[in-house]
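Hi,

Here is the structure I promised to pass on.

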Amino acid sequence: MKTIRIIVRNIRDAFKGVFRNFSLSFASISCITITLIVVAISMVLSENVDNFTVIVEKDVTIVAFLDNELTSEQIEEIKDKISIIDNVEKYEFKSKQTITEEMRDSSEVFDNIMKNWDDDENPIQNTYQIKVTDINGIKKVADEIKNIDGVTLVKYGEGMVEQLISAFEFIHKICIGAVIALILVTAFLISNTIKITIGSRQREIGIMRLIGASNLNIRIPFIIEGLLLGILGSIIPIATTIYGYTELYKHFDGHLFSNFIKLITPVPFVYKTSVVLLVVGVLVGMFGSWRAVKKHLKI
Amino acid sequence: MDLIKLTNVKKTYRTGVTAIQDLNLRIAKGDFVFIIGSTGCGKSTLIKMLYREEKPTSGQIVVGGIDVGKLRNGKVYKIRRKIGVVFQDYKLLPKSTVFENVAFALEIFGLPKDEIYAKVIKVLELVGLKNKIKNYPSQLSGGEQQRVAIARAIVNGPKLLICDEPTGNLDPETSMEIMQVLEEINKLGTTIIMVTHDINIVKQMNKRVIVLDSGRVLKDYEKGTYSHENN
């Protein structure tokens, strides 16, 4: 009970502190709000990019084109060689006939051209379709397959895949950099707010010391004040994330630009993001006030 | 039994000024002691060391069984909870009422509301301010403000009350009223150490008097002898 009463008193004092220096508190809250909105945008962006990367990674396939003169034994030998390459997740043989059928099914134009081809005329080659475990090692796998006798050509959308992945990584890094910079600025602003609060309460702090308040008794209200600034600053970003992302998802019908880029479904994504925003807000607030207390509240 | 014991205490500030030297002193529980002396004689340094605002350079200071000089900064609150301190400038919170100013000393320790109310009212009654609980410091006279400060200092039931020139800003009549309040508190068992320049108060109260000079005890008078020797 005693602890609860002390906590309640500290929270009450923290509220008083926030409103006593309202213009400064407002500046800190606004800064946290802006930071957290950027954090939210970064999270939405990077989570969706990650999600998209996973989809791309799942779809990327190495196609090894085989010489049409190979015998079925030689084709089997190639399969054995592919199977022992590191990073190969799975592989599948697709004959020229199967590919021809698929192409004819997919387009009327292809169907018209291909329907009269007999087996000797058909220029399409037998293939192995290979998937890798780690997309970053795809080039190495493709190079190894290229060196196998009987493989005439290897294709995996090279260039495009690498560019896409490096673009994603670049976006990721920019987001992280922006968030770190903003968090530091915000922590500094909160630290200044708390410093001024400490200044305006020197008399009270002096009396507290005299009557035997411990360091913890004196410091905790300021830490809670920072925490409170963090909570107040996270309200708008959380609301924006929940409402904004849900509306965005509805507006684009779950896909961005084409069916290929799927957006993450709002629930539970927005709630997880909100929790992260609240935690970041609280931690930034507490860190800022802790810094001020440590620097300016000599006990 | 001694509440305070100082043995070979010396205090030299960083500036090189020695405020206290070779000080040996014993103050018994329940005593009422005046500390007097000219400006710069070490009175303030002495009482600051008692509530551990300052640390002795050498020697030992024991207050209520605690070796004050050895207390780390983080543990100073342990001694402060056994001591009440009253200053010349009252040190009240201007935006808080009389009740809130006194209750403040209890609230930070998490006491229940009804207990706080009972203790604050009791102590305000003792200092004669029960009817002014809702007033703000600016609405009170100097003497009344000092009574609030005394009430706040004793509301936790300290063993020792240190008063640093509590009547310094007050007229003679109000000063005597404050002294009567302090005497009442002393009668209830609280040891009182009071620093003052007011010789009239010292004479009228007829208590133990310690005279400091250049950081040393010049004289230590028992009751009544002081006024006689100085006249």
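**What I found**

The largest nonpolar core has 76 residues, and B:Leu50, B:Val102, B:Ala151, B:Leu161 and B:Ile162 have the most contacts inside it. By nonpolar core I mean a set of buried Ala, Val, Leu, Ile, Met, Phe, Trp, Tyr and Cys residues joined through C-beta atoms within 7 Å. A residue is buried if 20 or more other C-beta atoms lie within 10 Å of its own, exposed if 12 or fewer, and partly exposed in between, with C-beta atoms placed from the backbone. Helix H3 (residues 98-107) of chain B gives the largest share of this core, seven residues. Apart from this core lies another one, of 34 residues, including A:Ile29, A:Leu189, A:Ile238 and A:Val280.

Before going further, the ground rules. This is a predicted model, in which local features need pLDDT of at least 70 and side-chain atom pairs count only at pLDDT 80 or more, while totals for chains, interfaces and linings use all residues. Residues are numbered from 1 along each chain as its sequence is written, and chains are lettered from A and ligands numbered from 1 in the order in which they are written.

Back to B:Val102: which residues does B:Val102 touch, leaving aside neighbours within four places in sequence? They are B:Val120, B:Val123, B:Leu124, B:Val148, B:Ala151, B:Arg152 and B:Val155. Contact here is between two residues whose C-beta atoms, placed from the backbone, lie within 7 Å.

**Sheets in chain B**

Helices (H or I, at least four residues) and strands (E, at least two) are DSSP runs, numbered from the N terminus, and two strands pair if DSSP finds at least two bridges between them.

There is an open sheet of six strands in chain B, in the order S6-S7-S8-S3-S9-S10, and its pairing is mixed. At its edges are S6 (83-87) and S10 (216-221) of chain B, each pairing on one side only. From one strand to the next the twist averages 20 degrees, with axes taken as lines fitted to C-alpha atoms (for helices over the stretch in contact) and angles running from 0 to 180 degrees between N-to-C directions. S6(B) and strand S7 (residues 160-164) of chain B run parallel and are joined by five bridges; B:Ile83 stands opposite B:Leu160 there.

Chain B also has an open sheet of four strands, ordered S2-S1-S4-S5, with antiparallel pairing. Its edge strands are S2 (18-28) and S5 (66-67) of chain B. Strand S1 (residues 2-12) of chain B pairs with S2(B) over seven bridges, in the antiparallel sense. B:Lys11 has B:Ile20 as its bridge partner, and B:Thr12 has B:Thr18. S1(B) and S2(B) make a hairpin with five residues between them, and B:Gly16 in the turn has a positive phi of about 100 degrees.

- B:Asp22, in strand S2 of chain B, is not a glycine but has a positive phi, near 45 degrees. B:Asp22 is exposed, with 12 other C-beta atoms within 10 Å.
- B:Asn206 also isn't a glycine, and its phi is positive at about 60 degrees. B:Asn206 sits in the loop between helix H7 (199-205) and strand S9 (208-213) of chain B and counts as partly exposed, with 13 C-beta neighbours inside 10 Å.
- A:Val267 and A:Pro268 are joined by a cis peptide bond, with omega about 10 degrees. A:Pro268 belongs to helix H10 (residues 266-296) of chain A.

**Chain A and where the chains meet**

Chain A has ten helices and six strands, and 29% of its 299 residues count as buried. Among contacts in chain A with a separation of 6 or more, 86% are between residues 24 or more positions apart. Strand S3 (residues 127-132) of chain A is joined antiparallel to strand S1 (residues 62-66) of chain A by four bridges, with A:Phe65 partnered by A:Thr127. Six bridges join strand S2 (residues 88-94) of chain A to S3(A), also antiparallel, and here A:Lys90 partners A:Lys131.

The contact between the chains takes 18 residues from chain A and 14 residues from chain B. On the chain B side, helix H2 (77-80) and H3 each supply at least two residues. By class, that side has six nonpolar, four polar and four charged residues; Ala, Val, Leu, Ile, Met, Phe, Trp, Tyr, Cys and Pro count as nonpolar, Asp, Glu, Lys and Arg as charged, and the others, Gly among them, as polar.

Cheers
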